[in-house]
Amino acid sequence: MSAIQGKTDVENTFLSRREITCDFNGLGGSLTKIQALEMVTKEYGLDGKTVVPMILENHVGRTQVTGTFYVYDDVKLAKSHVIPNIFARLEKANAKIAEKAEEEEKKKASAKEAEKEAESPAKDDEKPKEKDATPKTEEQPKEKDAPPKTEEKPKEKDSPPKTEEKPKEGKTDAPANDDKKSKDEKSSKEVSS
């Protein structure tokens, strides 16, 4: 049993289009308009015609999607009947698919190049080169002669330098507290008298 089942297939002569409504079983939540478009095009043999996916409706509690598609013979007629935003979204989705395909091709090409490079050193091992025969000990003394690197903490530009505050001479917090006590005592003596 296929994943697509046709519900209605109506020829609308007034608008010069074919309206197809079909169900996609088992694809709820994962079906995109581009995938649905490709499936309908293959199922109904619509190659060379303009197929516009209008609505994909997911059913609650089921893995079923109902889709409505308009099939036009002429692209100009389709663009005059359908909102331009739908075509813009389809073009954007097709551009993303094309980019992904290009990336996959690049990955495959780079993988093939990597395999070729992996094979080429094996051939080079059979015939050693003069550059590989020189020892690499010449670089090591240069590193030993260099002074050891020390890690420095980055300086903060906006923060002011830290200074320790010294208490001012003659004024301390303790006498201020004594003054408050003496004032309280004076006020209490005045009240009691």
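A residue is called buried under 20% relative accessible area, exposed over 50%, and partly exposed in between, using a 1.4 Å probe and protein chains only. The model is predicted, so local features need pLDDT of at least 70 and side-chain atom pairs count only at pLDDT 80 or more, while totals for chains, interfaces and linings use all residues. Residues are numbered from 1 along each chain as its sequence is written, and side-chain values use heavy atoms, with hydrogens and water left out.

**Salt bridges**

A salt bridge is a side-chain nitrogen of Lys or Arg within 4 Å of a carboxyl oxygen of Asp or Glu. The whole structure holds 4 of them, including those in the table.

| Pair | Closest N to O |
|---|---|
| Arg-18 and Asp-9 | 2.6 Å |

Helices (H or I, at least four residues) and strands (E, at least two) are DSSP runs, numbered from the N terminus. Asp-73 is exposed at 63% relative accessible area, and Lys-49 is partly exposed at 40%. Asp-9 is also partly exposed, at 40%, whereas Arg-17 is buried at 10%.

**Nonpolar cores**

A nonpolar core is a set of buried Ala, Val, Leu, Ile, Met, Phe, Trp, Tyr and Cys residues joined through side-chain atoms within 4.5 Å. The largest has 13 residues, and Cys-22, Phe-24, Val-40, Leu-46, Val-51 and Phe-69 have the most contacts inside it. At least two residues of this core come from each of β2 (17-25), α1 (33-44) and β4 (64-72). A separate core of 9 residues includes Ile-34, Tyr-70, Tyr-72 and Val-82. In soluble globular proteins, nonpolar side chains tend to be buried together.

**The largest pocket**

On a 1 Å grid over the protein atoms alone, a pocket is an open set of points where a 1.4 Å probe fits, with protein on both sides within 12 Å along at least five of seven lines; lining residues have an atom within 4 Å of a point. The largest pocket contains about 310 Å³ of space, a volume being the space filled by probe spheres set on the points. Among its lining residues are Thr-32, Glu-38, Arg-89 and Lys-100. Two or more lining residues come from each of α1 and α3 (84-126), and α3 gives the largest share, 7 residues.
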